[in-house]
Amino acid sequence: MTHTKRDSIEDRLEQAAGLCLRDGGRLTDIRRQVLALVLRSGEPIGAYALLDRLKADKANATPATIYRALEFLQTHGLIHKLERLNAFIGCADVSDHHHHHAVQFLICRTCGSVAEMEDSGIAGAVETAAERTGFRPARATVEVEGTCAECAATG
Ligand SMILES: [Zn+2]
Ligand SMILES: [Zn+2]
């Protein structure tokens, strides 16, 4: 059986709805729509770009509509915010889901691609270093800028 891109987004939305339910949350229509827009974008997308796209369907959507939906999706680990880009991407691994996971992002300066990694060694090192100062870390997102393998290969 072959899957087109659209199918896999539908699959991810179904999976997301299931996860929210298990968490006692509900993937309402608007949240589902915002998640779909983030996933379809294929690259990091900002809140206002999302609002523009949402308005095509829901003319009365406001920035608050978007921010509330994004907040929910972040809380449930379905999307991540890239602080450096002030943009959002879908979590690369919703299937093996755990909350507040410590993730690292590799951001290519040349093509703009973003890869999500989850290296427990890095997360552990950050946590240990923080705790040594008496700090209690809740979330540790590391954003690394550079050149992706493909761009490095082409020059
Ligand atoms: Zn993730
Ligand atoms: Zn690149």
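Helix α1 gives the most to the lining of the largest pocket, with four residues. The model is a predicted one. In this model the largest pocket has a volume of about 330 Å³. Its lining is made up of 16 residues. Arg 12, Gly 42, Glu 43, Ile 89 and Gly 90 are the ones that lie nearest the pocket centre. Besides α1, at least two lining residues each come from α2, β2 (87-90) and β4 (114-117). By class, eight residues of the pocket lining are nonpolar, four are polar and four are charged.

The position of the pocket follows from the domain division. Domain 1 covers residues 9-95, and domain 2 covers residues 99-154. Both domains give residues to the lining of the largest pocket, so the pocket lies between them. The C-alpha centres of the two domains are 21 Å apart. Contact between the domains involves 16 residues of domain 1 and 11 residues of domain 2.

The chain as a whole has 155 residues, and 34% of them are buried. Six helices and five strands are present. Read from the N terminus, the order of elements is α-α-α-α-β-β-β-β-α-β-α. The C-alpha trace spans about 50 × 45 × 35 Å along its principal axes. Contacts between residues at least 6 apart in sequence were also examined. Of these, 51% join residues at least 24 apart.

The largest nonpolar core holds 28 residues. Within this core, Leu 35, Ile 66, Leu 70, Leu 73 and Leu 78 touch the most other members. Four helices each supply at least two core residues: α1 (5-22), α2 (29-41), α3 (47-55) and α4 (63-75). The largest share comes from α2, with six residues.

With neighbours within four places in sequence left aside, Leu 35 is in contact with Leu 13, Ala 16, Leu 73, Leu 78 and Ile 79. Two of these partners, Leu 73 and Leu 78, are listed with Leu 35 among the core residues that touch the most other members.

The whole structure contains one cavity of 30 Å³ or more. The volume of the largest cavity is about 40 Å³. It is lined by Arg 12, Ala 16, Leu 35, Leu 39, Leu 78 and Val 94. Two or more of the lining residues come from each of α1 and α2. Five residues of the cavity lining are nonpolar, none is polar and one is charged.

Ala 59 sits in the loop between α3 and α4. Its relative accessibility is 66%, so Ala 59 counts as exposed. Ala 59 and Gln 74 are separated by 15 residues in sequence. In space their C-alpha atoms are 24 Å apart.

Asn 86 lies in the loop between β1 (79-82) and β2. Phi of Asn 86 is near 50°. This is a positive value in a residue other than glycine. Asn 86 has a relative accessible area of 49%, so this residue is classed as partly exposed.

Ala 153 belongs to helix α6, which covers residues 149-154. Ala 153 is exposed, because its relative accessible area is 66%. Between Ala 153 and Pro 63 the separation is 90 residues in sequence. The distance between the two in space is 40 Å, C-alpha to C-alpha.

Notes: Residues numbered from 1 in each chain as written. Chains lettered and ligands numbered in written order. Predicted model: local features only at pLDDT ≥ 70, side-chain atom pairs only at ≥ 80, totals over all residues. Heavy atoms only, no water. Core = buried A, V, L, I, M, F, W, Y, C linked by side-chain atoms within 4.5 Å. Buried < 20%, exposed > 50% of the residue type's maximum accessible area, 1.4 Å probe, protein only. Contact = heavy atoms within 4.5 Å. 1 Å grid on protein atoms, 1.4 Å probe; cavity = no way out; pocket = protein on both sides within 12 Å on 5 of 7 lines; lining within 4 Å. Points joined across faces, edges and corners; volume = space filled by probe spheres on them. Nonpolar A, V, L, I, M, F, W, Y, C, P; charged D, E, K, R; others polar. Domains from an automatic or database assignment.
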